[in-house]
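Please read the notes below with the sequence and the model open side by side. They go through a few parts of the fold one by one.

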Amino acid sequence: MAAAKGRTNGFAIGITAAVVAVLIALVGVVVWLNNKATDPGAVPKSAIINTDTGAVTTGSGKDKVAVFVDFQCPICKTFEGEYGSKLQALAKEDKITLEYHPIAILDRFSQGTNYSSRAAAAAYSVAQESPDKFLDYLNLLFENQPTENTPGLTDQQLIDYAKQVGADKAEATIKANTFFKFPTAQATAHKIQGTPTIEINGQRLDTSKQSDVAKLQAIVDQK
């Protein structure tokens, strides 16, 4: 009986040790995934980029409109079609300060090519290397947005579109995917759950509420 009891205790201790090992491994995986989501990697830098917030800024008006976009997001394309040109025109006239935040939350919809991250990284590459071409590039990417659940644009296509708007200097940075981690880290930092996410003067809008949509419309309709 003593021997049997010893074997039983030994078996229980073995099971406990195994469970502890699994738990430690799971904690390690969670920590690794969290670090992966928050590691910004290389940070883009230029006169129009806020390296802390990831904002790419146009204009210097009193009211600040921040738009968080994922280039794979079809609703973002719809938003840009309705509001983009108006907001950009107001920013160019310094009637508003317009901040674009290229982020990545939809990589899972590009068949493993991480298109959201690559496209946002390419946009940051243009913002760094050819700041005056950023808005043209953003608009062109939305005009040529790939359908969800397709591989998305290739890196060469992203480069070709950069050249099309005159941002030839961004080629090497796009090709190297220099800012690949930055868009995901920014999405995590800003707690973005869906796109487009809109903020006016620091207040995040709930676009399911007509009253919040009216706030955006009031900005757009100003003379």
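**Notes on the model**

1. Thr 173 lies in helix 6 (residues 171–175), where helices are DSSP runs of H or I with at least four residues and strands are runs of E with at least two, both numbered from the N terminus. Thr 173 is buried, since its relative accessible area is 11%; buried means under 20% relative accessible area, exposed over 50%, and partly exposed in between, with a 1.4 Å probe and protein chains only. If neighbours within four places in sequence are left aside, Thr 173 is in contact (heavy atoms within 4.5 Å) with Ser 125, Glu 129, Thr 178 and Phe 179.

2. A word on the basis of these notes: this is a predicted model, in which local features need pLDDT of at least 70 and side-chain atom pairs count only at pLDDT 80 or more, while totals for chains, interfaces and linings use all residues. Residues are numbered from 1 along each chain as its sequence is written, and side-chain values use heavy atoms, with hydrogens and water left out.

3. Ser 130 sits in the loop between helix 3 (115–129) and helix 4 (134–143), and with 6% relative accessibility this serine counts as buried. Not counting residues up to four places away in sequence, Ser 130 touches Ser 125, Gly 166, Ala 167 and Lys 169.

4. In strand 3 (96–102), seven of the seven residues are buried. Ile 96, Leu 98, Tyr 100 and Pro 102 point one way, whereas Thr 97, Glu 99 and His 101 point the other way.

5. Which strands pair with strand 3? Strand 1 (residues 56–58) does so in the antiparallel sense over three bridges, with Val 56 standing opposite Tyr 100, and strand 2 does so in the parallel sense over seven bridges, with Ala 66 standing opposite Glu 99; two strands are said to pair if DSSP finds at least two bridges between them.

6. Strand 2, helix 2 and strand 3 together form a right-handed β-α-β unit, meaning that, with the strands pointing away from the viewer, the path from the first strand over the helix to the second runs clockwise.

7. The buried residues of helix 8 (residues 210–220) are Asp 212, Leu 216, Ile 219 and Val 220. They lie on the same side of helix 8 because they cover an arc of only 105° around the axis, taken from the directions from the helix axis to the C-beta atoms. On the other side, Gln 210 and Ala 218 are exposed. Among the elements that cover the buried residues of helix 8 are strand 2 (63–69), helix 2 (74–92) and strand 3.
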